[in-house]
Amino acid sequence: STSQNTLLSYWTIAALIGVCVTVGTNNGTANVTTSIDADTTLVGQQGVLVTAYNTFESVGQQPSVLGGAGGAAATNTAKLNTNLAANVSVEVGEAAAITGNGSTGVQIAALTNSNISESAQISTGGLLENTNALTNLTLNFTPSVQVSSNAQITAPQGSLGIGTMANVLASSGASGTTYGVAGVVVSNSTVDVTVNPDIVIGTGASLAGNTVAGSTDSLPLLPYSSLLAVNSQAYANTGTVVPIWEHSASATVYSNGTVTFGTGATITAQQDVLLEANPLQAVPSASIIGKTLYTSSKRKTGDTATNLTGLLTLDGTVVAGSVNTLDIAIDSYTYPSTVYVTVNGQTAAATVEPGLGKPTPAITPDSSATSPFLPFSAAFDLNFNAQSLLTGLSAANLALVSGFVSSTPIQTMQLSNVQAAGGQVVINAAGVQGSGTVEANLPRVSVGNAL
């Protein structure tokens, strides 16, 4: 959803005694939802990307409201009120199953952006003038991802990322100018921005991937994080003989990032897990500028404030390094039977490969394995020429090992791609609560040989 907001109001008056009021109002709400229905099965062979997105943009002429007046006595006001809201969400239904088989894995994101620049400007001249430039810009955004109970999201070969992002550029300005004998100039600019990202993983839901990340302010595939850049400026210029002015500018940012893992929800990563529940980075700025007939422009800092909080509620189970163990036992062999290996309690036949020179099929875990493991290959040669291992060695190394290598063919098992992966859990949150468990495992490989 892209919303483009164009607003221009203009009013001018010249009279002995007059009142000029220019008012602009800009209100809008965007509701954007991407839904995966309950019990839906979604499989992407290269990966799955599910997003909901909204942006607000200011276009057209500046200033947004413009007023002008002149006369013996006049009251003149240019006023602008802008209120924009966005509710952007991705919803995964109950018991839905999403699988991304490629290296891209599964990425689920709710994103909301804005680029808003608005101003109110008024200029007057006369004997007695009262000039008011007033702006108020309010933004309220809620990006969220909701994974319902018992949903399963899997990225067996890639990353599983669930996140929210918001990039907000918001600027508001009030400019008042008056000329004459005596005048009062009031310029007030106020900007309030609220962004509350939210991620909920429901009861019994399962997230599994090579790596798993959940964050309120970033996405694994993007090289940047969220940013709330807010600016407010008030300008008062009085060219009267008797100057009176008041100007104020304020910029306030509120952000509360929350991540909730329900009871029985699980995160299982072959390697690392990242969980972040933080408010978004806020950069508010405000300035006031005053100028009179007798002084040059002077800039001062206005009022800025932030209210930033975050909370991770963890009542489920998090496991990093789920394939950290590879225990291989090579069984004894009696000709001409098949030679077997036992890996993590699972029995598998080795591939007979004379000469051990070709790739062999991988052994992968099945339901009989006591714990998952990374695939590896086992090849067997009943009459392997061990002397072939000496080919290519330097003379010094050959002299060192040749006496320990059999000169007659021997039974040989070749194990390829033997590996185990540990993992770490990184929790980055402004606050943490709950009764869940977090487990990070170190890798371990063992091989026993009974040939």
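Trainee: How do the residues of the lining of the largest pocket divide into nonpolar, polar and charged?

Mentor: Keep in mind that this is a predicted model. The lining of the largest pocket holds six nonpolar residues, seven polar and no charged.

Trainee: What is the volume of the largest pocket, and which residues lie nearest its centre?

Mentor: The volume is about 260 Å³. The lining has 13 residues. Pro156, Ala208, Gly209, Gln270 and Ser322 are the ones nearest the centre.

Trainee: Which strand gives the most to that lining?

Mentor: β11 does, with four residues. At least two residues each come from β9 (152–195), β11 (206–215) and β13 (266–269).

Trainee: Let's turn to aromatic rings. How is a pair of aromatic rings described?

Mentor: By two values: the distance of the centres and the angle of the planes. Searching the whole structure gives three aromatic pairs. Take Phe56 and Phe141. Their ring centres are 5.9 Å apart and their planes meet at 20°, so this pair is stacked. The cut-off for stacked is under 30 degrees.

Trainee: Where in the chain do Phe56 and Phe141 lie?

Mentor: Phe56 is in strand β5 (residues 48–58), and Phe141 is in strand β8 (residues 106–147). The two are 85 residues apart, so the pair links distant parts of the chain. Both Phe56 and Phe141 are buried.

Trainee: What are the distance and angle for Tyr333 and Phe380?

Mentor: Centre to centre, 4.9 Å; between the planes, 55°. That pair is tilted. Tyr333 sits in the loop between β19 (325–330) and β20 (340–343), while Phe380 is in strand β24 (residues 376–384), so the pair ties together parts 47 residues apart in sequence.

Trainee: Are Tyr333 and Phe380 buried or exposed?

Mentor: Buried means under 20% relative accessible area. Tyr333 has 14% relative accessibility, so Tyr333 counts as buried. Phe380 has 3%, so Phe380 is buried too.

Trainee: Now the core. Where do nonpolar side chains tend to be in soluble globular proteins?

Mentor: They tend to be buried together. Here, the largest nonpolar core has 56 residues. Ile108, Val147, Ile153, Ile162, Ile201 and Phe261 touch the most other members. β9 gives the most to this core, with ten residues.

Trainee: Which residues does Phe261 touch, leaving out those up to four places away in sequence?

Mentor: Among them are Ile201, Leu207, Ile267, Leu275 and Leu312. Asp315 and Gly316 are also touched by Phe261.

Trainee: How many residues are in the second, separate core?

Mentor: That core has 17 residues, including Phe373, Phe376, Ala378 and Ala420.

Note on methods
Residues numbered from 1 in each chain as written. Predicted model: local features only at pLDDT ≥ 70, side-chain atom pairs only at ≥ 80, totals over all residues. Heavy atoms only, no water. 1 Å grid on protein atoms, 1.4 Å probe; cavity = no way out; pocket = protein on both sides within 12 Å on 5 of 7 lines; lining within 4 Å. Points joined across faces, edges and corners; volume = space filled by probe spheres on them. Nonpolar A, V, L, I, M, F, W, Y, C, P; charged D, E, K, R; others polar. Phe/Tyr/Trp six-rings, centres within 6.5 Å; stacked < 30°, edge-to-face > 60°. Buried < 20%, exposed > 50% of the residue type's maximum accessible area, 1.4 Å probe, protein only. Core = buried A, V, L, I, M, F, W, Y, C linked by side-chain atoms within 4.5 Å. Contact = heavy atoms within 4.5 Å.
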